[in-house]
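Me: Hi! I'd like to go through a protein structure with you, a few spots at a time. Could you start with any term I'll need?

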Amino acid sequence: MITNYFKLAFRNLSKRKGYSLLNIVGLAIGIACCILIFQYVAYERSFDSFPKKAKQIVRLRLDSYQQGKLSWKSATVYPAFGPTMKKDFPEVEDFCRLHDADLLLLNDEKNVKFLEQKGYYADPSFLRMFNVHLVKGNPEHALNGPNKLLLSESTAKKYFGNDEPMGKRLVLRDANYTRTFEITGVFKEFPSNSHLIVNHIASYSTLASISRQFGDTTNSTETSWGWYDFYTYLQLKPHTDLEKFESKFPAFCNHYINSSDWAKANNVVAEIHVLPLRDIHLYSNYNQEAEVNGNGQSVSFLFLIAFLIIGIAWINYINLATARSLERAREVGVRKVAGAIRRNLVVQFMVESFLLNFVALLVAAIIVFLLTPWFSQLTGNTTSGDIFTSSKYWLLFAGMFICGSILSGLYPAFVLSGFKPVAVLKGLFKNTAGGYLLRKGLIITQFATSVVLIAGTIIVFQQVSYMRRQNLGVNINQTLVLDGANSLPDSVYQNVYRPFKTTLLQQPAIQTVSSSTSVMGKEIYWTNGTKRLGTDSKGAVTLYNIGIDYDFIPSFELQLKAGRNFSKDFPTDSSAVLLNEAAARLLGFDNFNQAINEKLFSAGDTVRLVGIVSNYHHQGLQKAIDPMIFRLVPNAREAYSLKIKTSDVQGTIAGIQKIWSKFFPADPLNYYFLDELFDQQYRADQRFGKIFGLFAFLAIIIACFGLLGLSAYNVLQRTKEIGIRKVLGASMQNVLYILSRDFILLVLIAFIIAIPVTWWIMYNWLQDFAYRINIQLWVFGVAGLLAILIALLTISFQALKAAIANPVKSLRTE
C-alpha cells in the first residue's frame, strides 16, 4: 500500500513538471536560506559556551554616576572587587581577574621579536574557570609567582619553532623596565567563539611586581577602588538567583566606594551589575570591551527572517497545491466513487508532500554545501565547515523536513480530500469562502513580509552609508600610523625620537609626522577625574586623556573653537591642557573664550586651559563623542602618524622601514593606514547589511513563486469568464487589468500593514547608534512600489497567457 502511495505521488509530481519544479525550487531556496541563517545564529549564540561551568560564570560591569547623571558603563572594574566579593558574598565560589598585557617579547637565542597585543595578566583561577587546556605544563602551578608566561601553540611556534619551549625564557622589553619570563605552559588555541582572544597569559603577580617596582606601596592590584582596568569574572554557586544577588550590590558599593571622602566631595556614585558569560558577545557593548562584540538585536532579526523565509516557502506549497484544486477535483471524485475513503486520500496527498519536501531538502543540502565557504567568509564564522559532520545540523535537516512536510501538506491534503464527488462530477465544484480568504491572507502575509524586508534593507544600507560619509571633524586620509617604539628607556628615547622624526620629514613623500598616545579608531583607556577650580567648580568628571605633540592638531586639521594649540613658544605649556567641546560643556564652560586660562584640577595636578578643540569623532558613529582632554606629551611613543603622498606608497613604506631599522633596531615595525582602521568599526554593520539584503532578496523571490501559483489558480478559475469577455469585445488590456486588480489590492493591503511594522522594527534597531538617520517616508514608498512592480511582473506571466488565448478553446472547456 505504501509503495502504491509513492508510485502515485511520483506519477502526479512528474505529470506536472512545471508545478513540481516551482515547488521544489521555492522550498529548496527557503530551506537552504533557513539553514544558513540558523548556522550563523547558532554560531553567534554559542560564544563562551566552552567552559564547563559557563552557566555559573558572570562578568562584572561598573557604572559611574557623576553629578547625578550616568557618565559611563565599563566592562572593566576595580581589582579589589573580586577578592572582596568572594569574602562578602556566599554566592561567589571563585573569581578571576584579567588585565591587558601588551608585551614586546624577544627570544635572544633566535633573534625573534614581536609585539604581542592579545594577552592578559591573569589570576591562576582563570585556567580552571575557563578550562584552558594546557598541552604542556601543570595548570595548578603554571601561573603561581611572578614572571611566569603561558603561550598558545601558534605563539610558541612563532618564538621557538619546533624546539621545546618549556623552561625557556622570553625577555619583555619596556621603556622603563625589563623582565625575563619563564615559559611554564603551552595552551591550545582559544576557540573562535570566545569573547576573548588570548595568545599569551602572564601571571597576575607579575603585574603586582611591576607596580611595586614603580613605587606602589599599597598593593593596588589587590586593594585599589579607583583603578578600573580589570575584567573580573565571578563563578557563582549553581542556581544562584542573579536578581537577588544584584539586590545586595548597592549596600556593598556604598560601604566600599560611595562612602569615601573623594566620592562624596565629587558627587560620584558607583554601581555594579553582572552579565552572564554567555551573554557578553551579543549584549555587551560598554567601554573597554576586550574585543568588538556582536549585536544581539541584529542576530534576532536574522533569526526572525529565517522563520519568515521558510514560512513563505511553505505558504507557496499551499498556494501552488490549491492552485491545482480544480485539476485534482475530478481525480478525487472518481477515487471516492471507486471506494476511496478520506483517510486514504489524506495519506496520498501527505505522501506527495513528503516526497516533494524530501527532494527539496536534497537540493537545499547541495545549495548549502556549495554556498557554505562563501557564506562563512561573509559572516566571519570559521566553524561553518562542520555543518555536514555535526549531529545538530542533521537534526536540523530532519526537523525541517518533517515540519515542512506536515505544515505545508496538511491543509492541501484536507482541502483536496474533502471534495464531494457528486458535486465535482456534475461540474458544480466551487471553492469555499474560507479557503479563498485564507489564500488571500497568505499572499498579504507574504508581501507584507516582502515590504518589511525591502524597506529594512534600504534603512540598513542608509545607516551604514550615513556613518561612513559623515564628516568626522578630523582628516584621517593618507595617514600611515606606525606603532610606537617601546624598547628604549625614556632617558634615551627622546634623544633618538627627535632625529628619527627629522629624518622622516626629509623624505619627499612624507608631509607631516606627529606622535600621540592614541589615534582615531582606537578606544581611549587613559581616563581620570577633572574638575574646575574656583567658586563655580562642580565635582570631578571623567575625561578621556590623549597625549599629543605640537604637530598633532595641525596634522589632523583639527579646528580650535577658542584659544590656541600647544606651542614651543610657551615653556609653561607642560602644565597646560586642551579640551574638546564636549569636555568644556561637561565642566560647565558655556562661553569658550572666557574659559581660556581657567585652572583645572586633573590627575592630581593643577593645569591651565589654553584651548578648546572642535568635537571630532575619535571612534565610529555608533558611539557618542567622549569628553576629551589633550595633554602635551612631546615624546609620546604609542603611535606615530605620518601624512604621506600616495603616488608611491610601497616605496615610501620601504624607505620608512630602513629609517626605522636604523633608529629602533630592537623594535619590530608595525604599521597600518588610519582610514582602513577606522572603517573596520563599520564592518559588522556592513556585514549585517549584506546578509540582511541577501536574504531579503531571496525571500521576495520565494514570495513571487506563491503569487505565481495563486495567479495561475485565478486564471484557471476564470477561464470561461475571460473567454466570454473577449467574445464580447474585451481588449487584452482589459483582461490584464481584471486579472491583476485583485492581486494589486492585496499588495496594497500588505503595504499598509508593513509600514508600522517596519517602522517599529527598524526604529528599535537604530537605537543602538549614537548618530543615526531618521526613517523617511520615501523609503516606504520605494518599498511599496518595488513590491507592486514585482507583483505585476509575476502576475503578468499568467495573465498575459490568458489574455492572448483563443476564447473559443476556453469556452469549449468543461
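Predicted model: local features only at pLDDT ≥ 70, side-chain atom pairs only at ≥ 80, totals over all residues.

Me: Great. Where is Thr479?

Reply: Thr479 sits in strand β14, which covers residues 479–483.

Me: Is Thr479 buried or exposed?

Reply: Thr479 is buried, because its relative accessible area is 1% and buried means under 20%.

Me: And which side chain joins that of Thr479 in a polar contact?

Reply: That would be Lys643, at 2.8 Å. The side chain of Thr479 also reaches the backbone oxygen of Ile476, at 3.2 Å.

Me: What else is Thr479 in contact with, leaving aside neighbours within four places in sequence?

Reply: Among them are Phe556, Ser641, Tyr672 and Leu674.

Me: New topic! What is the phi of Asp48?

Reply: Phi of Asp48 is near 60°, a positive value in a residue other than glycine. Asp48 is in the loop between α2 (17–44) and β1 (57–66), and it counts as buried at 0% relative accessibility.

Me: How about Glu557, what is its phi?

Reply: Glu557 has a positive phi too, about 55°, and is not a glycine. You'll find Glu557 in the loop between α19 (552–555) and β18 (560–563). Glu557 counts as partly exposed, since its relative accessibility is 46%.

Me: Last one: which residues form the nonpolar patch on the surface?

Reply: Trp778, Val782, Leu785, Leu786, Leu789 and Leu792, with about 520 Å² of accessible area together. One of them, Val782, lies in helix α27 (residues 777–804) and is partly exposed at 32% relative accessible area.

Conventions: Residues numbered from 1 in each chain as written. Heavy atoms only, no water. Helix = DSSP H or I, 4+ residues; strand = E, 2+ residues; numbered from the N terminus. Buried < 20%, exposed > 50% of the residue type's maximum accessible area, 1.4 Å probe, protein only. Patch = residues over 30% accessible without salt bridge, like charges linked within 9 Å, V, L, I, M, F, W, Y side chains within 5 Å. Areas by Shrake-Rupley, 256 points an atom, 1.4 Å probe, with all protein chains shown as cover. Salt bridge = Lys/Arg side-chain N within 4 Å of Asp/Glu carboxyl O. Polar contact = N/O pair within 3.5 Å; in protein donor to acceptor, adjacent residues only side chain to side chain. Contact = heavy atoms within 4.5 Å.
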